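Trainee: I would like to go through the labels given to this structure and the rule behind each one.

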Number of protein chains: 2
Amino acid sequence: MLDQTADLNRVFQALADPGRRLMIERLARGPASVSELGQPLHMSLAAVVQHVQVLEASGLVKSQKVGRTRTCRISPVALRSAEHWISERRSLVERRLDRLGEYLAETPASPDAGPEAPPPSH
Amino acid sequence: MLDQTADLNRVFQALADPGRRLMIERLARGPASVSELGQPLHMSLAAVVQHVQVLEASGLVKSQKVGRTRTCRISPVALRSAEHWISERRSLVERRLDRLGEYLAETPASPDAGPEAPPPSH
(Lines give C-alpha, C1' and ligand atoms only; values in the text may rest on other atoms or scores of the structure.)
Protein backbone atom coordinates (compact mmCIF):
# COMPACT_ATOMS: atom_id res chain seq x y z
CA MET A 1 0.00 0.00 0.00
CA LEU A 2 2.87 2.34 0.88
CA ASP A 3 4.69 1.33 -2.31
CA GLN A 4 1.56 1.98 -4.36
CA THR A 5 1.27 5.46 -2.81
CA ALA A 6 4.93 6.18 -3.58
CA ASP A 7 4.39 4.97 -7.15
CA LEU A 8 1.38 7.23 -7.69
CA ASN A 9 3.35 10.17 -6.24
CA ARG A 10 6.10 9.53 -8.81
CA VAL A 11 3.71 8.89 -11.71
CA PHE A 12 1.69 12.10 -11.16
CA GLN A 13 4.90 14.05 -10.52
CA ALA A 14 6.33 12.74 -13.80
CA LEU A 15 3.15 13.72 -15.68
CA ALA A 16 3.19 17.26 -14.18
CA ASP A 17 5.85 18.42 -16.65
CA PRO A 18 4.84 19.37 -20.23
CA GLY A 19 8.16 18.16 -21.70
CA ARG A 20 7.77 14.75 -20.07
CA ARG A 21 4.15 14.54 -21.29
CA LEU A 22 5.45 15.26 -24.82
CA MET A 23 7.91 12.35 -24.38
CA ILE A 24 5.04 10.08 -23.31
CA GLU A 25 3.04 11.18 -26.38
CA ARG A 26 6.00 10.34 -28.63
CA LEU A 27 6.55 6.94 -26.94
CA ALA A 28 2.85 6.10 -27.20
CA ARG A 29 3.46 5.91 -30.99
CA GLY A 30 6.48 3.57 -30.58
CA PRO A 31 9.95 3.16 -29.03
CA ALA A 32 12.45 6.02 -29.45
CA SER A 33 16.05 6.81 -28.58
CA VAL A 34 16.84 9.44 -25.93
CA SER A 35 18.03 11.90 -28.61
CA GLU A 36 14.83 11.36 -30.66
CA LEU A 37 12.81 12.12 -27.51
CA GLY A 38 14.74 15.35 -27.02
CA GLN A 39 14.40 16.63 -30.61
CA PRO A 40 11.15 18.62 -30.22
CA LEU A 41 12.09 19.92 -26.76
CA HIS A 42 14.93 22.37 -27.53
CA MET A 43 16.92 21.44 -24.41
CA SER A 44 20.37 19.99 -23.70
CA LEU A 45 20.91 16.23 -23.90
CA ALA A 46 21.72 16.29 -20.14
CA ALA A 47 18.28 17.82 -19.42
CA VAL A 48 16.58 15.24 -21.66
CA VAL A 49 18.41 12.43 -19.84
CA GLN A 50 17.20 13.81 -16.49
CA HIS A 51 13.58 13.84 -17.71
CA VAL A 52 13.96 10.26 -18.97
CA GLN A 53 15.30 9.26 -15.53
CA VAL A 54 12.23 10.78 -13.84
CA LEU A 55 9.99 8.86 -16.27
CA GLU A 56 11.89 5.62 -15.58
CA ALA A 57 11.77 6.09 -11.79
CA SER A 58 7.98 6.51 -12.04
CA GLY A 59 7.64 3.25 -13.98
CA LEU A 60 6.05 5.03 -16.97
CA VAL A 61 9.05 4.28 -19.20
CA LYS A 62 11.59 1.49 -19.50
CA SER A 63 14.87 1.86 -21.39
CA GLN A 64 17.58 -0.44 -22.70
CA LYS A 65 21.05 0.45 -23.90
CA VAL A 66 22.35 -1.41 -26.94
CA GLY A 67 25.79 -0.22 -28.07
CA ARG A 68 25.74 3.56 -27.71
CA THR A 69 21.99 3.99 -28.13
CA ARG A 70 19.51 3.96 -25.25
CA THR A 71 16.04 3.03 -26.53
CA CYS A 72 12.97 3.99 -24.47
CA ARG A 73 9.62 2.23 -24.41
CA ILE A 74 6.39 3.11 -22.64
CA SER A 75 5.18 0.72 -19.93
CA PRO A 76 1.36 0.86 -19.85
CA VAL A 77 1.03 -0.48 -16.26
CA ALA A 78 1.85 2.84 -14.55
CA LEU A 79 -0.43 4.76 -16.95
CA ARG A 80 -3.23 2.30 -16.12
CA SER A 81 -2.85 2.70 -12.34
CA ALA A 82 -2.90 6.52 -12.56
CA GLU A 83 -5.95 6.40 -14.85
CA HIS A 84 -7.65 3.92 -12.50
CA TRP A 85 -7.06 6.13 -9.43
CA ILE A 86 -8.60 9.16 -11.17
CA SER A 87 -11.52 7.31 -12.79
CA GLU A 88 -12.56 5.71 -9.46
CA ARG A 89 -12.84 9.12 -7.78
CA ARG A 90 -14.39 10.81 -10.82
CA SER A 91 -17.13 8.19 -11.11
CA LEU A 92 -17.80 8.41 -7.34
CA VAL A 93 -18.26 12.19 -7.69
CA GLU A 94 -20.49 11.84 -10.75
CA ARG A 95 -22.72 9.18 -9.15
CA ARG A 96 -23.12 11.41 -6.09
CA LEU A 97 -23.96 14.46 -8.23
CA ASP A 98 -26.47 12.36 -10.23
CA ARG A 99 -28.20 11.26 -7.00
CA LEU A 100 -28.25 14.88 -5.79
CA GLY A 101 -29.80 15.93 -9.12
CA GLU A 102 -32.50 13.24 -8.81
CA TYR A 103 -33.22 14.27 -5.21
CA LEU A 104 -33.57 17.94 -6.19
CA ALA A 105 -35.81 17.03 -9.15
CA GLU A 106 -38.13 15.05 -6.83
CA THR A 107 -38.21 17.69 -4.07
CA PRO A 108 -40.99 20.34 -4.37
CA ALA A 109 -39.52 23.76 -5.17
CA SER A 110 -41.77 25.74 -2.79
CA PRO A 111 -40.41 25.80 0.78
CA ASP A 112 -43.90 25.60 2.38
CA ALA A 113 -45.31 22.83 0.18
CA GLY A 114 -44.16 20.08 2.56
CA PRO A 115 -46.31 18.27 5.17
CA GLU A 116 -44.76 20.42 7.91
CA ALA A 117 -46.16 23.65 6.44
CA PRO A 118 -48.64 25.41 8.75
CA PRO A 119 -52.25 25.84 7.52
CA PRO A 120 -52.97 29.25 5.97
CA SER A 121 -54.16 31.78 8.57
CA HIS A 122 -57.65 33.38 8.21
CA MET B 1 -3.80 25.22 -25.75
CA LEU B 2 -1.20 26.87 -23.52
CA ASP B 3 -3.81 27.27 -20.79
CA GLN B 4 -4.76 23.61 -21.08
CA THR B 5 -1.08 22.61 -20.69
CA ALA B 6 -0.73 24.82 -17.61
CA ASP B 7 -3.92 23.28 -16.18
CA LEU B 8 -2.65 19.72 -16.67
CA ASN B 9 0.68 20.69 -15.06
CA ARG B 10 -1.20 21.96 -12.01
CA VAL B 11 -3.66 19.05 -11.88
CA PHE B 12 -0.95 16.35 -12.03
CA GLN B 13 1.21 18.35 -9.58
CA ALA B 14 -1.75 18.54 -7.19
CA LEU B 15 -2.34 14.78 -7.48
CA ALA B 16 1.35 13.99 -6.82
CA ASP B 17 0.93 14.48 -3.05
CA PRO B 18 -0.59 11.66 -0.94
CA GLY B 19 -2.22 14.13 1.50
CA ARG B 20 -3.93 15.98 -1.34
CA ARG B 21 -5.10 12.68 -2.86
CA LEU B 22 -6.61 11.82 0.54
CA MET B 23 -8.46 15.17 0.46
CA ILE B 24 -9.77 14.35 -3.05
CA GLU B 25 -10.94 10.93 -1.78
CA ARG B 26 -12.77 12.60 1.10
CA LEU B 27 -14.36 15.23 -1.19
CA ALA B 28 -15.43 12.55 -3.69
CA ARG B 29 -17.87 11.41 -0.93
CA GLY B 30 -19.26 14.94 -0.41
CA PRO B 31 -18.39 18.55 0.54
CA ALA B 32 -16.24 19.12 3.65
CA SER B 33 -14.82 22.01 5.65
CA VAL B 34 -11.09 22.73 5.62
CA SER B 35 -10.72 21.41 9.18
CA GLU B 36 -12.63 18.20 8.31
CA LEU B 37 -10.24 17.70 5.38
CA GLY B 38 -7.26 18.09 7.71
CA GLN B 39 -8.49 15.67 10.39
CA PRO B 40 -6.90 12.44 9.04
CA LEU B 41 -3.69 14.20 7.98
CA HIS B 42 -2.02 15.05 11.33
CA MET B 43 -0.73 18.43 10.12
CA SER B 44 -1.18 22.05 11.12
CA LEU B 45 -4.22 23.98 9.87
CA ALA B 46 -1.81 26.27 7.98
CA ALA B 47 -0.40 23.26 6.09
CA VAL B 48 -3.91 22.00 5.32
CA VAL B 49 -4.89 25.46 4.00
CA GLN B 50 -1.82 25.42 1.71
CA HIS B 51 -2.79 22.03 0.29
CA VAL B 52 -6.36 23.26 -0.27
CA GLN B 53 -4.94 26.28 -2.13
CA VAL B 54 -2.91 23.98 -4.42
CA LEU B 55 -6.07 21.94 -5.09
CA GLU B 56 -8.06 25.12 -5.83
CA ALA B 57 -5.35 26.52 -8.15
CA SER B 58 -5.45 23.26 -10.13
CA GLY B 59 -9.23 23.49 -10.55
CA LEU B 60 -9.77 20.14 -8.80
CA VAL B 61 -11.52 21.79 -5.85
CA LYS B 62 -13.72 24.84 -5.36
CA SER B 63 -14.38 26.42 -1.97
CA GLN B 64 -16.81 28.92 -0.51
CA LYS B 65 -16.60 30.73 2.82
CA VAL B 66 -19.86 31.17 4.75
CA GLY B 67 -19.38 32.87 8.13
CA ARG B 68 -16.19 31.41 9.58
CA THR B 69 -16.35 28.08 7.73
CA ARG B 70 -14.79 27.44 4.31
CA THR B 71 -16.54 24.52 2.61
CA CYS B 72 -14.73 22.63 -0.18
CA ARG B 73 -16.31 20.77 -3.08
CA ILE B 74 -14.74 18.67 -5.80
CA SER B 75 -15.03 19.93 -9.36
CA PRO B 76 -15.13 16.91 -11.69
CA VAL B 77 -14.01 18.85 -14.83
CA ALA B 78 -10.29 18.85 -13.92
CA LEU B 79 -10.41 15.16 -12.91
CA ARG B 80 -12.02 14.39 -16.27
CA SER B 81 -9.36 16.22 -18.31
CA ALA B 82 -6.49 14.47 -16.47
CA GLU B 83 -8.21 11.09 -16.91
CA HIS B 84 -8.83 11.87 -20.60
CA TRP B 85 -5.17 12.77 -21.23
CA ILE B 86 -3.97 9.50 -19.68
CA SER B 87 -6.60 7.26 -21.27
CA GLU B 88 -5.89 8.62 -24.78
CA ARG B 89 -2.18 7.73 -24.49
CA ARG B 90 -2.83 4.43 -22.72
CA SER B 91 -5.26 3.24 -25.41
CA LEU B 92 -2.82 4.33 -28.16
CA VAL B 93 -0.09 2.21 -26.50
CA GLU B 94 -2.41 -0.78 -26.06
CA ARG B 95 -3.67 -0.65 -29.68
CA ARG B 96 -0.06 -0.53 -30.88
CA LEU B 97 0.97 -3.47 -28.65
CA ASP B 98 -2.09 -5.44 -29.86
CA ARG B 99 -1.10 -4.85 -33.50
CA LEU B 100 2.49 -5.88 -32.69
CA GLY B 101 1.18 -9.07 -31.03
CA GLU B 102 -0.95 -9.87 -34.11
CA TYR B 103 2.01 -9.22 -36.41
CA LEU B 104 4.28 -11.50 -34.38
CA ALA B 105 1.60 -14.22 -34.27
CA GLU B 106 1.28 -14.12 -38.09
CA THR B 107 5.03 -14.00 -38.76
CA PRO B 108 6.76 -17.41 -39.16
CA ALA B 109 9.12 -18.08 -36.26
CA SER B 110 11.98 -19.43 -38.42
CA PRO B 111 14.18 -16.63 -39.85
CA ASP B 112 14.70 -18.44 -43.21
CA ALA B 113 11.10 -19.53 -43.78
CA GLY B 114 10.21 -16.37 -45.76
CA PRO B 115 10.06 -16.07 -49.59
CA GLU B 116 13.33 -14.07 -49.56
CA ALA B 117 15.31 -16.96 -48.03
CA PRO B 118 18.10 -18.26 -50.29
CA PRO B 119 17.89 -21.88 -51.51
CA PRO B 120 19.93 -24.33 -49.44
CA SER B 121 23.47 -24.69 -50.78
CA HIS B 122 24.67 -28.10 -51.97
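Trainee: What makes A:Arg80 count as partly exposed?

Mentor: Its relative accessibility is 38%. Buried means under 20% relative accessible area, exposed over 50%, and partly exposed in between, with a 1.4 Å probe and protein chains only. The value for A:Arg80 falls in between, so the residue counts as partly exposed. Bear in mind that this is a predicted model, in which local features need pLDDT of at least 70, side-chain atom pairs count only at pLDDT 80 or more, and totals for chains, interfaces and linings use all residues. Residues are numbered from 1 along each chain as its sequence is written, chains are lettered from A and ligands numbered from 1 in the order in which they are written, and side-chain values use heavy atoms, with hydrogens and water left out.

Trainee: Why is the pair of A:Arg80 and B:Glu94 called a salt bridge?

Mentor: The rule asks for a side-chain nitrogen of Lys or Arg within 4 Å of a carboxyl oxygen of Asp or Glu. The closest N and O atoms of A:Arg80 and B:Glu94 are 2.6 Å apart, so the pair meets the rule. A:Arg80 lies in helix H5 of chain A and B:Glu94 in helix H5 (residues 76–106) of chain B, so the pair joins two chains. Helices here are DSSP runs (H or I, at least four residues), numbered from the N terminus. B:Glu94 is partly exposed, at 22%.

Trainee: Why can such side chains pair at all?

Mentor: Opposite charges can pair when the charged atoms come close.

Trainee: How do you know whether B:Arg90 and A:Glu83 are buried or exposed?

Mentor: B:Arg90 has 17% relative accessibility and A:Glu83 has a relative accessible area of 11%. Both values are under 20%, so both residues count as buried. Their side chains meet in a salt bridge of 2.7 Å, N to O. That pair crosses between chains, from helix H5 of chain B to helix H5 of chain A.

Trainee: What about B:Glu25 and A:Arg89?

Mentor: Their side chains meet in a salt bridge at 2.9 Å, N to O. B:Glu25 lies in helix H2 (residues 18–28) of chain B and A:Arg89 in helix H5 of chain A, so this pair also joins two chains. B:Glu25 is partly exposed at 26%, while A:Arg89 is buried at 17%. Salt bridges that share partners join A:Arg80, A:Glu83, B:Arg90 and B:Glu94 into one network.

Trainee: Why are A:Cys72 and B:Cys72 called buried?

Mentor: A:Cys72 is at 0% relative accessibility, and B:Cys72 is at 0% as well. Both are under 20%, so the label is buried. A disulfide would need a pair of cysteine sulfur atoms within 2.5 Å, and the structure holds zero disulfides over all chains.
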